[in-house]
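Please open the model in the viewer and keep the selection panel at hand.

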Amino acid sequence: MKFNITAREFIERSRSGDLDYMAFAGMMMDELQRINKKYNCLREIVDIRSHLNIEPELHGLPMSVKDSICTRGIGSFAGSRILEGYVPPFDATAVAKAKEQGALVIGKTNQDEFGFGTFSTNSGFGIPKNPLDPSRVCGGSSGGAAALTAALNMPHIALAQSTGGSISCPAAWCSVVGLTPTYGLVSRWGLIDYANSLDKIGPIGKTVYDVALLLSTICGHDAKDSTSLDHPKHDYTTFTDRKELHGVKIGVPKEYISGLDSDVEKHVWHAIKKLESLGATYKEVSLPMTKYALPAYYIIATAEASTNLAKFCGLRYGLHADLKGNATEYFSRVREQGFGEEAKRRIMLGTFARMAGYKDAYYTKAMQIRTLIIKEFKQALKRFDVLAAPTMPILPPKFDDVKKLTPTEVYQMDVLTVPANLAGLPHLSVPVAKMIGLHLIGDHLQEPRLIEVASAFEAAK
Amino acid sequence: MGTKISAETTKRVAELARLDLSLDELTKMQRDLNEILSAFKIIDEVRTDVQPSFHPMPVENVTREDKIEPYLGQEKALAQTKHKHEGYFKGPKVV
């Protein structure tokens with residue numbers, strides 16, 4: 001295929017005027033339609049043929065955007081029927097920054113409703129399939145973003161979002177690269193919130209360079225997000241040239257490498273040995289708080305979600321009904337119709353965890369456990385530059401098997417991705433084998449270390 | 001902790017959450033919530049004589065300068081609702 005080139009090559013060719021944009025855009029539209037018929041990655045495709053934006057630095061690089069991230073003039077439903085028809089009159093800060101730098105929005109990617117899921121099967125619209133094996137899920141909640149990245153053999157980057165593993169999980173299961181930045185490094189303004197103290201916008205791409213490029217574009221302080229960090233802007237692509245890892249100390253958390261699928265275990269150890277062969281040293285480290293991260297995460301996430309979702313009541317945008325009954329009756333009826341089963345479950349769990357009489361035992365306790373988890377990570381990361389582990393404990397399940405799982409069994413899938421998310425630490429999933437990812441976790445704002453290690457690994461593969 | 005959620009509490013939570021759940025949904029929700037909370041019971045083991053972390057990074061009273069900025073405007077704000085009346089949102093009956 002004429003345009004089967006990397007994002008980097010695309011930008012170079014665009015810059016030098018050596019690219020026929022109209023032909024490129026036409027082929028991109030054809031490819032998106034073809035791929036979407038097979039894998040259902042996108043809820044909506046945006047025709048880029050009529051508004052080509054070839055501004056530097058990205059020179060018209062196609063970018064898909066997760067449905068929960070607001071895009072001006074393009075429907076943003078967060079995968080939920082309750083937001084069906086909602087067309088934001090503004091761009092999220094991350095989208096605005098990427099567009100200013102010349103990214104072109106090509107569509108909105110399918111996801112679990114509001115990010116509530118690990119398989120992207122809790123969607124009010126399309127359920128994406130894994131392009132590496134369409135009988136299997138592609139992971140969630142940014143499933144459409146990862147599936148599209150894997151399926152599209154044309155230059156493209158995906159803007160995704162994670163609360164408890166929604167970038168890493170689908171990246172690992174679709175064999176692409178996913179980078180979840182430090183909490184606050186990328187503005188959350190314009191994101192349809194799941195849980196404010198956990199949500200991060202971040203990139204998914206085919207290569208480490210691609211995610212470094214998009215992160216460089218979208219990071220930076222934003223006065224519109226009070227949790228946004230005032231951290232100097234970096235060009236993260238400058239960390240992608242490292243080929244060896246001499247002097248890099250890697251910790252392998254014991255609690256993350258037990259009870260794994262045998263294929264995952266084999267390939268992840270092979271990857272760790274590869275890092276060693278590049279000059280890094282590794283040691284096992286114990287993080288005994290790990291088993292408490294999952295319940296603490298689900299309590300905090302659902303408590304925050306239950307308050308965030310209170311604003312969706314069929315009045316100002318999205319789903320409406322006839323104005324019958326009093327206010328409580330009207331809101332309750334619209335919400336019953338508009339939310340899917342998992343959304344209702346999480347709203348219920350979160351509302352309960354915040355109720356008088358239960359708040360201290362659940363909500364406050366979970367926040368205290370978060371303090372202990374952050375402390376434990378910080379201590380380990382004084383001794384190690386990065387922690388390395390499998391991203392997901394198993395291969396992506398088949399659609400038929402997912403139906404048999406109880407809610408608690410589904411939540412257990414997030415056991416390896418939740419701790420770093422709870423602590424707001426940056427983490428990166430890099431493919432090590434088909435549908436298996438290596439998870440690299442760094443200290444706050446240590447994205448450069450993650451990018452260096454992942455780049456050296458990628459180059460040596 | 002060891003809480004068991006009763007049918008009555010489940011109904012109360014649904015009311016607080018403004019979800020008009022059917023009887024079948026309430027029954028299933030009660031079972032699911034009890035299963036989930038029973039799996040979460042392990043957090044009782046943790047000695048938590050520490051301050052809670054409401055954010056992963058310390059955040060303290062972040063405010064912006066109090067100055068008037070352009071806003072969406074009435075027309076755009078009302079553009080996506082079916083329920084409006086003379087430039088206002090029209091809501092359901094309150095009293």
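How many helices and strands are there in chain B? Select chain B: there are 3 helices and 2 strands, where helices (H or I, at least four residues) and strands (E, at least two) are DSSP runs numbered from the N terminus. This is a predicted model, in which local features need pLDDT of at least 70, side-chain atom pairs count only at pLDDT 80 or more, and totals for chains, interfaces and linings use all residues. Residues are numbered from 1 along each chain as its sequence is written, while chains are lettered from A and ligands numbered from 1 in the order in which they are written.

From the N terminus on, the order of elements in chain B is α-α-α-β-β. The C-alpha trace of chain B spans about 55 × 45 × 25 Å along its principal axes.

Next, display both chains. In total, 56 residues of chain A are in contact with 45 residues of chain B (C-beta atoms, placed from the backbone, within 7 Å). On the side of chain A that touches chain B, select H11(A), which gives the most, with 11 residues. By class, that side of chain A has 29 nonpolar, 18 polar and 9 charged residues (nonpolar: Ala, Val, Leu, Ile, Met, Phe, Trp, Tyr, Cys and Pro; charged: Asp, Glu, Lys and Arg; polar: the others, Gly among them).

Finally, select Thr237(A), in the loop between helix H6 (208-218) and strand S7 (249-253) of chain A. Beyond its neighbours within four places in sequence, Thr237(A) is in contact with Tyr209(A), Ala212(A), Leu213(A) and Ser216(A). The C-alpha atoms of Thr237(A) and Leu213(A) are separated by 5.7 Å, although the two residues are 24 residues apart along the chain.

Key: Two residues are in contact if their C-beta atoms, placed from the backbone, lie within 7 Å.
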